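Let us walk through this fold step by step.

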Amino acid sequence: MKSPLRPPFDRYPADLRPLLAPEPLGNAGGASGARLWRFGTINGLLVARLWPEGRSRAEVQAIHNTVRLARPLGFLAVPFNGLDGLSAQEIDGRIWEVAPWMPGEADLSASPSRSRVVAAFGALARVHNLWGPGGPTTFSPGLALRSREIEALPRDLNAWGLAVGRSPQDELASLALRWIGAARALGPKLGPRMRELASLPVRIQPVLRDARPDHFLFTGDRVTGLVDFGAMGLDAVSADLTRLVSEWGGVRGALAGEALAAYESQRPLDPAERRLIGAFDQTTGLLAGGRWIRWHFVEARTFDDPLAVVNGLRRALAKLLELDPHP
């Protein structure tokens, strides 16, 4: 029998070790497979994170090194170094980190205030500025991957439909089948355009690749925390902008324009980056539901939030119908 997971506090200086038993937080609502523990120290609240299986120490340390470049901003959860001088600690093939517990709360409301939206997009621009100097110009890896996923969609939809058909025919199955029908109609319309845009030269740099509103913490209208860098990789900044606009439900119309204006007041976008925002938005609408269907109906993943799958499918279906109201 495996012993229970225990964060490696003995690998850190005494002032980073817990005063009392750490509080397990599960995956804190995320879908990555990471696990979190919150604990108090003489230096305040910290959080220990166990990275998902399959991540190497070198890979996680490289992410930490990039995050550290934006330390001067003061609102990033920059991991602490252990006694060996590294912030990524490996035990039994799994990677751990310890970082500050950042103040503030995420704003997940359906109608976020203009001031908070402007603050979040301005903060994202400042992060990108510190991560981005000297990046190469090439194609977007994320958009190229999504283009290939769209090409494989007919085959995947058939497999997912069979998996859904074998499950209990409840509200979740009904949502999944509606999404599959809408995706089957939209895929052929988007495929050729995505192949073209996936080869468009654009500036590439480290980005979050998971810039969800859950990860931006506010105290009042000020961003006081940016957390969770587990998906970080190289891509166009358009990937982060699209994710934050599309997942923050109330950021539509004029407010979306103000959000991008707030970003550009700190980091102007070039024409290619602007074009890819629309491309990422369309592919997100087409592919997001498939991930939820695969995770639930094929891989049988479980989530701490019992409504994660149904809410994810509802959002994905709404986005598809927004792109194509008459599939």
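A charge sits over a ring if NZ of Lys or CZ of Arg is within 6 Å of the ring centre and within 35 degrees of the ring normal. Keep in mind that this is a predicted model.

Start with the arginines. The charged end of Arg-38 is placed over the ring of Trp-101, 4.5 Å from the ring centre. Arg-49 does likewise with Trp-51: its charged end sits over that ring, 4.5 Å from the centre.

Arg-38, in S2, is the bridge partner of Glu-23. Strand S2 covers residues 35-41 and pairs with S1 in the antiparallel sense, over 3 bridges. Strands of a sheet pair through backbone hydrogen bonds, either parallel or antiparallel. Now take in the whole sheet. It is open, has 5 strands with antiparallel pairing, and runs in the order S1-S2-S3-S5-S4. Which strands stand at the edges? They are S1 (23-26) and S4 (89-91). Each has a single partner strand, so one side of each is left without a neighbour in the sheet. On average, neighbouring strands of this sheet are turned by 25° against each other, direction ignored.

Next come the salt bridges. The count comes to 23. One of them joins Asp-270 to Arg-203, with the closest N and O atoms 3.2 Å apart. This pair links distant parts of the chain, 67 residues apart. Asp-270 lies in the loop between helix H7 (253-264) and H8, while Arg-203 belongs to strand S8 (residues 202-203). Asp-270 has 21%, so it is partly exposed. Arg-203 has 34% and is partly exposed.

Arg-274 pairs with Glu-264, and their closest N and O atoms are 3.0 Å apart. Arg-274 is in helix H8 and Glu-264 is in helix H7, 10 residues apart. With a relative accessibility of 42%, Arg-274 counts as partly exposed. Glu-264, at 25%, is partly exposed.

Glu-273 gives another case. It forms a salt bridge with Arg-267, the closest N and O atoms being 3.0 Å apart. Glu-273 has a relative accessible area of 0%, so it is buried. Arg-267 has 5%, so it is buried. Elsewhere, salt bridges that share partners join Asp-210, Arg-212, Asp-214, Arg-243 and Glu-247 into one network.

Finish with the aromatic rings. The structure holds 8 aromatic pairs. Trp-292 and Trp-295 are both buried.

Trp-295 has a further ring partner, Phe-303. Here the centres are 6.1 Å apart and the planes stand at 50°, so the pair is tilted. What makes this pair tilted? Planes under 30 degrees apart count as stacked and those over 60 as edge-to-face, so an angle in between is tilted. Trp-295 counts as buried because its relative accessibility is 15%. Phe-303, at 16%, counts as buried.

Definitions and conventions: Residues are numbered from 1 along each chain as its sequence is written. This is a predicted model: local features need pLDDT of at least 70, side-chain atom pairs count only at pLDDT 80 or more; totals for chains, interfaces and linings use all residues. Side-chain values use heavy atoms; hydrogens and water are left out. Rings of Phe, Tyr and Trp (its six-membered ring) pair if their centres lie within 6.5 Å; planes under 30 degrees apart count as stacked, over 60 as edge-to-face and the rest as tilted. Buried means under 20% relative accessible area, exposed over 50%, partly exposed in between (1.4 Å probe, protein chains only). Two strands pair if DSSP finds at least two bridges between them. Helices (H or I, at least four residues) and strands (E, at least two) are DSSP runs, numbered from the N terminus. Axes are lines fitted to C-alpha atoms, for helices over the stretch in contact, and angles run from 0 to 180 degrees between N-to-C directions. A salt bridge is a side-chain nitrogen of Lys or Arg within 4 Å of a carboxyl oxygen of Asp or Glu.
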